[in-house]
Amino acid sequence: MTAAVFGTLPFPNQSGDQIVSKAVSAAIAALFKRTGKVEATVRAEPVAKLLQGSVDGFDFIGNGMLMYNGLRIEDMELYVQAVSIDFSAIFKGQVKLRQPTQASMRVVLTEDDLTKSFNTPFVVEKLQRLEHEGQSLYFQNTQMLVNEDKSLTIKSQIQLGKGGETVALDITAQIDVQERRRIQFVDVTYQGDEKAKTLGKALIDHVNDLLDLDKFALDGTQLRVDRIRIRNKELIFYGIAKIDRFPQRK
């Protein structure tokens with residue numbers, strides 16, 4: 001019976017789980033400006049459960065994922081629990097959840113990803129909301145370095161006002177997660193003269209205020225981080241994604 005039903009669908013020689021897997025892969029890929037490998041594997045046993053929209057879960061693995069705001073993710077893995085979906089929406093290229101679900105996640109950012117992110121218009125605009133002594137700040141050549149001792153270094157040239165003095169910042173810190181949703185720079189050391197140190201402290205306070213995951217989550221999702229691991233010039237985040245509805249590309 002199941003084979004007969006799936007045999008009438010507009011995807012010849014594909015089983016129901018393959019159809020849904022491809023639809024999930026395409027829907028996730030559509031959330032990004034560019035992706036490398038993107039693959040979702042839907043689990044449903046027996047496959048006939050799909051006709052009622054019941055899925056045991058799905059695993060998603062993607063790499064080289066460039067978001068529309070310019071932020072880049074080296075690797076992302078999602079392992080979604082049992083979920084109920086609207087099977088009819090699959091053929092419209094959509095993934096609609098009938099009820100909220102939760103996924104374990106692993107996200108990898110490289111040193112290069114971090115540097116590029118800090119130089120995107122999306123992040124620079126947020127950094128430049130900070131003023132210092134009544135002057136606007138203009139960030140240039142910002143670098144993020146992942147050090148062997150698992151600390152992070154931020155280097156940047158900051159111009160005070162248009163055509164004003166340029167201050168070189170050199171800041172090293174540990175990274176911590178607080179309340180599972182706030183990524184924070186802690187145990188910070190500042191290099192340079194007093195002006196550079198004062199400006200550096202103001203910048204770290206500002207950045208720490210910005211790094212709230214609820215400000216970056218896709219619509220309909222909530223991210224929580226349980227652990228951050230640093231190795232091989234990479235930051236690896238382990239946590240949970242709570243999904244009320246599947247994000248749609250804006």
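I looked up Ile 175 and found it opposite Phe 185 in β11. This is a predicted model, where local features need pLDDT of at least 70, side-chain atom pairs count only at pLDDT 80 or more, and totals for chains, interfaces and linings use all residues. Residues are numbered from 1 along each chain as its sequence is written, and side-chain values use heavy atoms, without hydrogens or water.

**Sheet**

I followed β10 (residues 166-178) next. It pairs with β11 in the antiparallel sense over seven bridges. Two strands pair if DSSP finds at least two bridges between them. Strands (E, at least two residues) and helices (H or I, at least four) are DSSP runs, numbered from the N terminus. I then traced the open sheet, whose five strands run in the order β7-β8-β9-β10-β11 with antiparallel pairing. β7 (131-132) and β11 (182-190) are the edges; each has a single partner strand, so one side of each lacks a neighbour in the sheet.

**Strand β13**

I checked burial here. Nine of the ten residues of β13 are buried, so the strand is largely enclosed by the rest of the structure. Buried means under 20% relative accessible area (1.4 Å probe, protein chains only). β6 runs antiparallel to β13, joined by ten bridges. Arg 106 faces Tyr 238 of β13. β12 also pairs with β13 in the antiparallel sense, over ten bridges. There, Ile 228 has Phe 237 as its bridge partner. The β12-β13 hairpin has two residues between its strands, and Asn 232 in the turn has a positive phi of about 50 degrees.

**Pocket and cavities**

I searched on a 1 Å grid over the protein atoms alone: a cavity is a set of points where a 1.4 Å probe fits but cannot get out, a pocket is an open set with protein on both sides within 12 Å along at least five of seven lines, and lining residues have an atom within 4 Å of a point.

The largest pocket has a volume of about 1,400 Å³. Its lining has 50 residues, with Met 67, Leu 71, Ile 73, Phe 216 and Leu 223 nearest the centre. Among the elements that each supply at least two lining residues are β11, α5, β12 and β13.

I counted three cavities of 30 Å³ or more. The largest has about 50 Å³, and its lining includes Val 20, Phe 58 and Leu 97. Phe 118, Thr 142 and Ser 156 are among its lining residues.

Conventions:
Grid points are joined across faces, edges and corners, and a volume is the space filled by probe spheres set on the points. Buried means under 20% relative accessible area, exposed over 50%, partly exposed in between (1.4 Å probe, protein chains only).
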